[in-house]
Amino acid sequence: MCLAIPGKLIEISENAEGVRMGKANFGGIVKQVCLEYTPEVNTGDYVLVHVGFALSKVDEEEAARTYKLLEEMKQLSELDDPEAEDHLPVAPPGFGT
Amino acid sequence: MKYLDEYRNETMAQKIVGEIRRIITRPWVLMEVCGGQTHTIVKYGIDHLLPDEVELVHGPGCPVCVTSLEMIDKAHAIAQRPDVIFCSFGDMLRVPGSEFDLLVLKSRGADVRVVYSPLDCLKIAKANPDKKVVFFAIGFETTAPGNAMAVWQAYRQGVKNFSVLVSHVLVPPAMEAILQSPLNRVQGFLGPGHVCTVVGYEEYEPLAERYHVPIVITGFEPMDLLEGVLMTIRQLEAGTAVVENQYPRIVKREGNKVAQELVNKVFEVCDRKWRGIGSIPKSGYRLREEFREHDAERLFDVGAIDTQEPSICISGLVLQGVKKPHDCPAFGRQCTPEHPLGATMVSAEGACAAYYAYGRHLQAEKKPLQPV
């Protein structure tokens, strides 16, 4: 029910009633979305959409950072080498936050 | 799809599981709050991937499941009226009331329509001025901005033949009810990422402190959930109990202030009855007095309907993480998605329905029946 998916905003407009609307592309499927709750977004941005409403702009920096941290979790790759286990550091600072 | 596919990477998932294995020293019970998270966990077999020390129990975060039988019966009473077009999200259509479901009513001639967005109902209302268009406004905090906008636009544009049957529920009071229960087993929470997209996570901080329970606001993709588990286990092993955000690409601490403003303008907090659990104080939204002309419960005089739920089903205990679906002798036998007995089987996101959909009832049959 709380399903919400990220889509790329391809068009912004105002409907006849003065409501800020737009069109978002979800992997090839284009749907109308209401943009009243995300006044800061521009075309080209990714927005998180739930029941036809954009609720949040996807923070590209955070998305990249989280993924990069996961990829670079040094101690994880060292798990492949059992001898390195004693030297594993505790959580890297700021991980996941 | 961008921002989805990269969070479904098997190699990365194995690495996170490896790290969980490395740091865990004892058994812990974690609850994922949201039904969408339960669905991902069971679909991808995440619970089977985790070390035996991690037990995931499934929370009450499926609004379709927890909408009270009484409210479903009210919806059915309204939908049967010849002057009504009854609109709903698709997943409410086959939720059984005391006698039937909305699909049965539709087959008998009731004008029941599925909408993608609450705003679609306004278009239907304008196109059918001789009909009363009613929207079944259910959901958690995630859905409240959409439903609030539909009411606000109807009010602003003077669409008088549009009303909402409101059955909104709120997450923090349900988490607190679980933590206060003498049966509680939950030691850490994977918090509801999309609820917090709207409301932020400040209000979760007193809960973490008061009950000394870590709460990690978590997303919905397999790697999100695994990272949420890792962050929660790290806290449990270290003895800390704070709110952390695993999902910062979407969730900010303050949430969406613009959405909160309209939600608070249209709705006010009220007590709410949850299917399978009972009444929880201050756990729902109702329309503010200013919007009474759009309140279906008042317009159609269904306030007196008071249905009691059957007692044979253990869904209340499943919703609170005390029991698992296959602990129930009816699971997969008398109770199936086609003939659900209770809350957690009625929607695809309910724990029992998710277990059934991914074949867990077949595994359950191999085990001896456990007493309930």
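**Start at one bridge**

Select B:Leu190 and look across to S8(B): the bridge partner there is B:Val216. Strands here are DSSP runs of E with at least two residues, and helices are runs of H or I with at least four, numbered from the N terminus. This is a predicted model, where local features need pLDDT of at least 70, side-chain atom pairs count only at pLDDT 80 or more, and totals for chains, interfaces and linings use all residues. Residues are numbered from 1 along each chain as its sequence is written, while chains are lettered from A and ligands numbered from 1 in the order in which they are written.

Next, select residues 188-192 and 215-218 of chain B: these are strands S7 and S8, running parallel and joined by four bridges. Two strands count as paired if DSSP finds at least two bridges between them.

Now widen to the open sheet in chain B, five strands with parallel pairing in the order S2-S1-S7-S8-S9. At its edges, S2 (54-61) and S9 (243-245) of chain B each pair on one side only.

**Zoom out**

Colour chain B by domain: 5-64 + 171-245 is domain 1, 67-169 + 280-297 is domain 2 and 323-362 is domain 3. The bounds come from an automatic or database domain assignment. Finally, show the whole of chain B, with 18 helices and eleven strands.
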